[in-house]
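User: I'd like to go through the side-chain contacts in this one. Can you start with the term I'll need for burial?

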Amino acid sequence: MHRAGILCRLASPSRVAALRRASNGNTTTTAPVAQVRRQSVAASVKHEPFLNGSSSIYIEQMYEAWQQDPASVHVSWDAYFRNVEAGAGPGQAFQAPPALSHAGHAMTALPSVATSVSSGVDTNASVQSISDHLKIQLLIRSYQTRGHNIADLDPLGINSADLDDTIPPELELSFYGLGERDLDREFILPPTTFISGEKRTLTLREILQRLKEIYCNTTGVEYMHLNNLEQQDWIRRRFEAPRVTELSHDQKKVLFKRLIRSTKFEEFLAKKWPSEKRFGLEGCEVLIPAIKQVIDSSSSLGVDSFVIGMPHRGRLNVLANVCRQPLATILSQFSTLEPADEGSGDVKYHLGVCIERLNRQSQRNIKIAVVANPSHLEAVDPVVMGKVRAEAFYAGDAKCDRTMAILLHGDAAFAGQGVVMETFNLDDLPSYTTHGAIHIVVNNQIGFTTDPRSSRSSPYCTDVGRVVGCPIFHVNVDDPEAVMHVCNVAADWRKTFKKDVIIDLVSYRRHGHNELDEPMFTQPLMYQRIKQTPTALEKYQEKILNEGVANEQYVKEELTKYGAILEDAYENAQKVTYVRNRDWLDSPWDDFFKKRDPLKLISTGIEEENTAQIIQKFSTVPSGFNLHRGLERTLKGRTQMLKDNSLDWACGEALAFGSLLKEGIHVRLSGQDVERGTFSHRHHVLHDQKIDQKTYNPLNDLSEGQAEYTVCNSSLSEYAVLGFELGYSMVDPNSLVIWEAQFGDFANTSQCIIDQFISSGQSKWIRQSGLVMLLPHGYEGMGPEHSSARPERFLQMCNEDDVIDLDRVAFEGTFEAQQLHDTNWIVANCTTPANIFHLLRRQVTMPFRKPAVVMSPKSLLRHPLARSPLEDFAPGSSFKRVIPETGPPASNPQQVQRLVFCTGKVYYDLVSARKHIKKEDDVAIVRVEQISPFPYDLIQEECRKYKGAELVWAQEEHKNMGAWTFVQPRFNSLLSVDDRVVRYGGRLPSSSPATGNKYTHLQEQKEMMSKVFDVPKSALEGFKA
């Protein structure tokens, strides 16, 4: 729509409707008003055209004010409302205003129309006055809506922040037929503005002056897209009220000192290490005072924990001047020093930290965590939100009054990276909301070397926030006082409405993408201007000197003082002989590790009465609950399975969750459709069939004092939701946090979180996580996108060597625990309900935390052979890394011709095929349930048990996929001393994970079985997996 078109459309055509709303709740409605309500809508539109969507709210408010006190409105409105109350019909209480010809031409009055109701007021004059007042109301609204488009936002004076240099026509007086002649006319102001303070009227000249000062100066306020009048009025009061943005002298001094620290820190690093990349903040030094002001204001409003997510630009400055990480510790990162503890570490501008300190402005203790982030600029966003949600949950802070996220963004990344929108979409979801975050955009007006016109299609880089109803405050960084004001408003907004808010710091980047980059190659004119532009500190220093806030001596003392602090820190940094990766931990768990033996694994079994009680609860609903008939059969089936001593997958899962909950361990299961389960096996949230929104979660009804079980369907997102759950898992190690993919291969859209955070997080940042990823996996003829969870990708990222030196390794005692301690994550493919039960419980009972990637089943959820007896859950039992053959071959190993190793669901296909070809005595099948860490000890035990057997690795995945490339070198390294090797049995290499043709799938299955058992395909006629 054309920019002026907004003002031209009709939205509320009837005075009848307007008056109905205005008099809503008034029980003394008079007969004439009732008569007015029955008048024709069409007639109202024709004779009273000013009653439209643009002005209806204003007219309603005027009518309400007139009902209370007729003298409170302009005499023309008084006349109009008196005529209406007297019963005047359309066109009688109101005469059409003079027609407006071409802009700038004189307005011609129409002849007067006699009315049947006289109010003693000149109708022509009244109509003209009403029309002019409506125009003023529209003018004010236009500035509130579009004033930001012409605000002075670019500190370089080159670009318009909205990429449009035109002036919206509705901001010009001529658009309304007004001009110089009207500037000194007084107008009553509508209730939708606060520009006049206590006054009820202002001249047009004063109105324009105030509107331009508020909306077109160095702050651009976007808020009229909010669909809540209370929120709109709240923002108006904080920007329109006279003198509301002014700072006291003391506040200006605090701001000046913070600008000194921000600016001089970067200058110091540039002087000492001119050839080092540091991604400095030059050009947006006001970011540091901005963050500190947000923290100060929020702390005063009750927040005591701040979780910050940010890209690399300015990170060192934030760590130094916001978190107050010791300067010597930061400066030592520029030296080439050996690390004194574990981990591979990360570059200095990716590091995080967790600091507790006193906030001097609020005099309250606060905790600030900056979450470590890779170069994927916005990837940290959902991680921060998950961490905030978890902190609030464990603190009993249901509305996040004491915990808050501050997310920093770059302009190009904020507009360009999809995870931003995915994260915003979690804002109001019940199990994901953090009740508002404060977003600060460091708007350099460039992305690496890319001009904004080439990096986004929207006017502003912040327009993504409009989708979820964020107010957006654009501010020129060369006006630090305006920045402080919007920071205060943002903190207050978040406290009041529990919604996100965006601060857009329109700035520039004084150097290239990094300090060694030459920006003149691609932005020559911009960087010529930047070279001539003084810093914000220099400009503000001049301002406070001119205002008499400070004198030259004060300025010199403050600059000298901080310079000395930096030099002292530099001297101390030169004395540091090593660095500690642990100094940069963003989620410390010191107390957790102190209490545990790192190489002791305990049994994960539970008592039989505990099992029975959990299954009994899992199989019943409260009295009066209207359960779906199909689920009645499901619940009865669970009870029967307990009696039959044969529990299925859903029961194994429920026993793991339920037993942990009864032990006080919080369990959270998140993902798409997890409440029911993609394959309808879980049903942890039961829905009453007659009462809307009535649900029952049996696992939250196990016992008094149990921990809370959160099971929540997520948005249709993998990237943000997995990041969220990772952040959630980082807060408390005494919890079980699980993300389940709808299908395993859907995890590839969250690959950034998997690669950059989960697989490498402990190595880079000394950060542990016990997050579990359940990835449905299995070749069942469902096509390329619903078969493989891509286990090869996860196995490729394991840190375990594929060669083992048997002379240096002992397969006994703590071998299993040591493997788990050393690995970066666990990759498993379980085949029994009991084993998934033990794996999930082991995640909590281990003396450390490791992520677990589980290829979870689909068809096995109901497979009659995929059952476990109660004794497999009993005390003393534990996770089985390898499940040996238990049939006839186990009792006569010398006669076994072939030993087949496999993992996952294909085991049951192999058992079926073995039976079909009558090889049940000749072929032993061993399941490798934990692929990584590779169970060398148990594999060796099985191989030596069947000394004369040929060794085969069988998998349903293609040869270039699955576990083959991971297990082959490990098998052969282990078996080299016995002069044996393992061979492959499975599908040929392929570029696609699976066929989409059912016939081809079945033929491939037979071909695979033919290779594994070394029989012709004809022997498999009639076989069906």
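Analyst: Buried means under 20% relative accessible area, exposed means over 50%, and partly exposed is in between. The model is a predicted one.

User: Fine. How many aromatic pairs are there?

Analyst: The structure holds 35 aromatic pairs. One of them joins W234 and W493, edge-to-face, at 5.8 Å centre to centre with 65° between the planes.

User: Where do W234 and W493 lie?

Analyst: W234 is in helix α8 (residues 229-240) and W493 is in helix α17 (residues 480-497), so the pair ties together parts that are 259 residues apart in sequence.

User: And why does W493 count as buried?

Analyst: Because its relative accessible area is 0%, and the cut-off for buried is under 20%. W234 is buried as well, at 10%.

User: What about F592 and F593, how are those rings arranged?

Analyst: F592 and F593 form an edge-to-face pair, with 5.2 Å centre to centre and 75° between the planes. F592 is buried at 5% relative accessible area, whereas F593 is partly exposed at 32%.

User: Which residues make up the aromatic cluster with W953?

Analyst: That cluster consists of F901, F934, Y936, W953 and F971.

User: Switching to charges. How many salt bridges does the count come to?

Analyst: The count comes to 48 salt bridges. Among them is R790 with E792, at 3.1 Å from N to O. R790 is buried with a relative accessible area of 17%, and E792 is buried with 13%.

User: What does the pair E816 and R881 tie together?

Analyst: E816 lies in helix α29 (residues 815-822) and R881 in the loop between β18 (852-856) and β19 (882-883), so the pair connects parts that are 65 residues apart in sequence. The closest N and O atoms of this salt bridge are 3.8 Å apart. E816 is partly exposed at 24% relative accessibility, while R881 is buried at 6%.

User: Which residues are joined into one network by shared partners?

Analyst: D132, K135, R181, D182 and R185 are joined that way, through salt bridges that share partners.

User: And D688, which residue is its partner?

Analyst: D688 forms a salt bridge with K694, with the closest N and O atoms 3.9 Å apart. D688 is buried at 7% relative accessibility, and K694 is partly exposed at 32%.

User: Last topic, the surface. Which residues form the positive patch?

Analyst: K257, R261, R324 and R360 form a positive surface patch. R360 sits in the loop between β5 (353-359) and β6 (364-370).

User: Is R360 buried or exposed?

Analyst: R360 is exposed, because its relative accessible area is 57% and exposed means over 50%.

Definitions and conventions
Residues are numbered from 1 along each chain as its sequence is written. This is a predicted model: local features need pLDDT of at least 70, side-chain atom pairs count only at pLDDT 80 or more; totals for chains, interfaces and linings use all residues. Side-chain values use heavy atoms; hydrogens and water are left out. Patches are made of residues with over 30% relative accessible area and no salt bridge: like charges are joined within 9 Å, nonpolar side chains (Val, Leu, Ile, Met, Phe, Trp, Tyr) within 5 Å. Accessible areas come from the Shrake-Rupley method with a 1.4 Å probe; for residues, only the protein chains shown count as cover. A salt bridge is a side-chain nitrogen of Lys or Arg within 4 Å of a carboxyl oxygen of Asp or Glu. Lys and Arg count as positive and Asp and Glu as negative; His and the chain ends are not counted. The place of a charge is taken as NZ of Lys, CZ of Arg, CG of Asp or CD of Glu. Helices (H or I, at least four residues) and strands (E, at least two) are DSSP runs, numbered from the N terminus. Buried means under 20% relative accessible area, exposed over 50%, partly exposed in between (1.4 Å probe, protein chains only). Rings of Phe, Tyr and Trp (its six-membered ring) pair if their centres lie within 6.5 Å; planes under 30 degrees apart count as stacked, over 60 as edge-to-face and the rest as tilted.
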